[in-house]
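Here is a short report on one protein chain. It begins with a single residue and then widens to sheets, cores and totals.

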Amino acid sequence: MIEAAHAQQSFPKAIQLVFERNCVGCHNYAFLDKVDVSGGLALDSYDRVIGRKRPVIVPGNASASELVRRLESSDPQVGMPKGGERLGREIIEAVRSWIDSGAKGDSSAEAATASVSESPPPVSIQPSEVFVPYGGRKAIEAGNSLEKRQATAPVVPLPGVLILDQDPEKGPNRVVEPYTKGLIGKIGPLPAVTALAFSPQGKSLLVGFYGRVVVWDLVESRIVQELNDVAGSVNDLQFSPDGKLLSVVGGKPFSQGEVRLYDPGAQLRLVSSFAAHKETILAQAFSPDSQRIATAGLDKVLEIRDLVTGRKTAEMTDHSDTVQCVAFSPKGDLLATAGMDRTIKISDGMTAKGKMTINPEIKGFLALAFSPDGKYVLTSGESPEVRWWELVTVADDLTEGGWRPTRKMEGHVGTVQAMRFSPDGRLLATASADHSVCLWDGTTGHLLRTLVDCDNLVYAVAFSPDSKLLAAGSWDGFVRIWDVNSGKLRITLAQKPLSRDGPTEWLAVTPDGRLDGSPELRKLVRARGTGSVEKVHHTPGLLAESLQVLPKRDVVN
């Protein structure tokens, strides 16, 4: 995708729009090395599709093309998008016709700059059945293990993923008891949750997924606002340290990234938006004084912007691959970035001028944070250990054997997608493709407990401002909220727009089997595994009751 704008050939506009709308959320260059997400297939570049060693398209013969076989299959284990809405017959026929005519590219400027803002092709919506478990698995305390070795590394089943290449290396797999009790109904597919943020006063939880951000009012126990003006993926949500701005970053395939800034008043109000980067933005960080914002993305670049003017004040182009994460130091004098080029770079927090490169020769980085005292940079990613790099001594630790972290903590058995320190600095939370969230001591780095309520890749985590609650969002569309001290699951949330432009419907379910939700979704679900055919008991206000949020009106702040 990074080179798509400069490629000699591009997809014809109609085919490009099909892939943008239905495929490239997972099958893109950024996830190419993450087989558990992309299946080793990128559909955001004509050259990458046609030039594959294991082709999915046979020019001139659609019937022999693996891509068409997957699109047409009615087998849920084979069909594509996997677990998602089946494409309409007219869309598949368009793909077939293109392949049968030679799968030719288009070098015209119009094709290279096609935008998903144009009217999308029609999609046949076929609701899929979703199981919403009540949850409540016991957390694994440090020192206990529920792991075993298996023949191949686990592959996470994600909506829309076509698994073509798998890692042949042996890897561990965490084993948990499968859920049997919960709700089931044709409410899917649920949109994958890609970003989370609690409001500064802790009265709201913001949930981001493709093309939309919803605001859960934790007092009123429902979704009270939606931002449906977001273009493309929502890759990060952050409030400024002074609480005066909310920033939403992401973007559309084949287009510049976008930063949207909102006033977090009684209702979120857009105050400014601006294009940034040549490709989708993957990560952001506010400076501690709330005057600057740093962004990083698919174009391998770090950009620093003035929040008042939106003007770019500095950039760093030293990375050789996508930049997946960025963080300011607590004083704001340093910036840390890391990504798929397997390096960590420390730069000046004002000028972005490079100060240090750490090249530990391990797999790609997806998560990064400064310790609250600013002494360490923490990293994790495709190598799931959490590494603590002490900036003062890191250069002294460079030996013939390579860079050595001050600490290397083990806990996850799969790729780590995100990490966050609690506001009080006592804890670190990490989210992983192994379907778990780990809680670590924020000072020593020691593993405290592992939360195993999730059944899919966990992509985002967020602490409440008082550090008492932890929320995690996963690719199966669920948001789970735990009590931090006990590790007990409080509630599971699900959100689903029933139409492209319609409002987001919702469900809230507790481990004891109670339910709250919008009328449209409540009538679509029934109990499973309870031994009863009675309707699930509706408990209004369940979210506020479960989280013990004080009944003070505060939608966003």
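Glutamate 303 lies in strand β16 (residues 302-306); helices (H or I, at least four residues) and strands (E, at least two) are DSSP runs, numbered from the N terminus. This is a predicted model, in which local features need pLDDT of at least 70, side-chain atom pairs count only at pLDDT 80 or more, and totals for chains, interfaces and linings use all residues. Residues are numbered from 1 along each chain as its sequence is written, and side-chain values use heavy atoms, with hydrogens and water left out.

**Glutamate 303**

Is glutamate 303 buried or exposed? Glutamate 303 counts as buried because its relative accessibility is 5%. Buried means under 20% relative accessible area, exposed over 50%, partly exposed in between (1.4 Å probe, protein chains only). Its side chain makes a polar contact with the side chain of arginine 305 at 2.3 Å. The side chain of glutamate 303 also reaches the backbone nitrogen of histidine 277 at 3.4 Å. A polar contact is a pair of N or O atoms within 3.5 Å; within protein, one must be able to donate a hydrogen and the other to accept it, and residues adjacent in sequence count only if both atoms are side-chain atoms. Beyond its neighbours within four places in sequence, glutamate 303 is in contact (heavy atoms within 4.5 Å) with residues including Ala276, Ile293, Thr295 and Lys312.

Strand β27 (residues 427-432) is largely enclosed by the rest of the structure, because 6 of its 6 residues are buried. Leu427, Ala429 and Ala431 are buried on one side, and Leu428, Thr430 and Ser432 on the other. Two strands pair if DSSP finds at least two bridges between them.

| Strand pair | Bridges |
|---|---|
| β26 (residues 416-421) and β27 | 5 bridges |
| β27 and β28 (residues 437-441) | 5 bridges |
| β7 (residues 204-209) and β8 (residues 212-217) | 6 bridges |
| β23 (residues 376-381) and β24 (residues 386-390) | 4 bridges |

Valine 416 stands opposite serine 432 in β27. Threonine 430 has cysteine 438 in β28 as its bridge partner. The hairpin of β26 and β27 has 5 residues between the strands, and glycine 425 there takes a positive phi near 75 degrees. β27 and β28 form a hairpin with 4 residues between them; in its turn, histidine 435 has a positive phi of about 75 degrees.

**Two open sheets**

Another open sheet has 4 strands in the order β22-β23-β24-β25, with antiparallel pairing. Its edges are β22 (365-370) and β25 (407-409). Leucine 378 has tryptophan 388 in β24 as its bridge partner.

**Cores and totals**

A nonpolar core is a set of buried Ala, Val, Leu, Ile, Met, Phe, Trp, Tyr and Cys residues joined through side-chain atoms within 4.5 Å. The largest has 25 residues, of which Leu205, Val207, Trp216 and Leu493 touch the most other members. A second, separate core of 24 residues includes Phe11, Tyr46, Val49 and Ile92.

The chain holds 8 helices and 36 strands. Of its 557 residues, 60% are buried.
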